[in-house]
Amino acid sequence: MQTQFAADLRLARRKAGYLQSDIAACLGVQQSVVSALERGTQRPDLEQIITLSLIYGRSFEAFFEELMLECRQRLKGRVRRLGPERRQTAHTFNRAGSLRRLRHRLSQPNPYVSA
């Protein structure tokens with residue numbers, strides 16, 4: 001599954017003239033992990049994203065955009081499957097309003113994705 005982030009990562013490495021093994025050494029991982037990141041079959045963790053940003057001197061907004069869209073879609077489905085309130089109690093008083101606001105936020109254009 002090639003993603004924009006994976007393509008950007010591979011391009012950044014090639015432009016910088018690094019080998020996958022160089023990046024692996026800087027990340028403290030096996031070369032196969034870098035390969036998987038560049039193919040889009042593995043997601044980097046936060047520490048790897050920060051380290052890659054430091055290595056290449058750039059941010060990777062594309063990764064966050066892709067991840068935000070995926071999470072948004074999954075959350076929409078999960079919210080749709082939430083059952084109705086059985087009975088309102090003191091600790092569930094705000095549930096209906098909170099769910100309504102969440103659904104509204106999820107229906108709006110994503111502010112984290114460039115148009």
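Predicted model: local features only at pLDDT ≥ 70, side-chain atom pairs only at ≥ 80, totals over all residues.
Residues are numbered from 1 along each chain as its sequence is written, and side-chain values use heavy atoms, with hydrogens and water left out. The chain has six helices and zero strands, where helices (H or I, at least four residues) and strands (E, at least two) are DSSP runs numbered from the N terminus.

**Overall shape**

- Going along the sequence, you get the pattern α-α-α-α-α-α.
- The radius of gyration, taken over C-alpha atoms, is 20 Å for the chain, while a compact globule of 115 residues would sit near 13 Å; that globule rule is 2.2 Å times the number of residues to the power 0.38.
- The C-alpha trace spans about 60 × 30 × 25 Å along its principal axes.

**Contacts and surface**

- Take contacts (heavy atoms within 4.5 Å) between residues at least 6 apart in sequence: 62% of them join residues at least 24 apart.
- Of the 115 residues, 31% are buried; buried means under 20% relative accessible area, exposed over 50%, and partly exposed in between (1.4 Å probe, protein chains only).

**Helix 4**

- Gln48, Ile49, Leu52 and Tyr56 are the buried residues of helix 4.
- Looking down the axis of helix 4, those buried residues fall within an arc of 100 degrees, so they line one face of the helix; the arc is that of the directions from the helix axis to the C-beta atoms.
- Leu46, Glu47 and Leu54 are exposed on the other side of helix 4.

**Aromatic pair**

- There is one aromatic pair in the structure, counting rings of Phe, Tyr and Trp (its six-membered ring) with centres within 6.5 Å; planes under 30 degrees apart are stacked, over 60 edge-to-face, and the rest tilted.
- Tyr18 and Tyr56 have ring centres 6.1 Å apart and planes at 55 degrees, so the pair is tilted.
- The pair links distant parts of the chain, 38 residues apart: Tyr18 is in the loop between helix 1 (4–16) and helix 2 (20–27), and Tyr56 is in helix 4 (residues 46–56).
- Tyr18 is partly exposed at 34% relative accessibility, whereas Tyr56 is buried at 15%.

**Cysteines**

- The structure has zero disulfides, a disulfide being a pair of cysteine sulfur atoms within 2.5 Å.
- Cys26 is exposed at 52% relative accessibility, and Cys71 is partly exposed at 34%.
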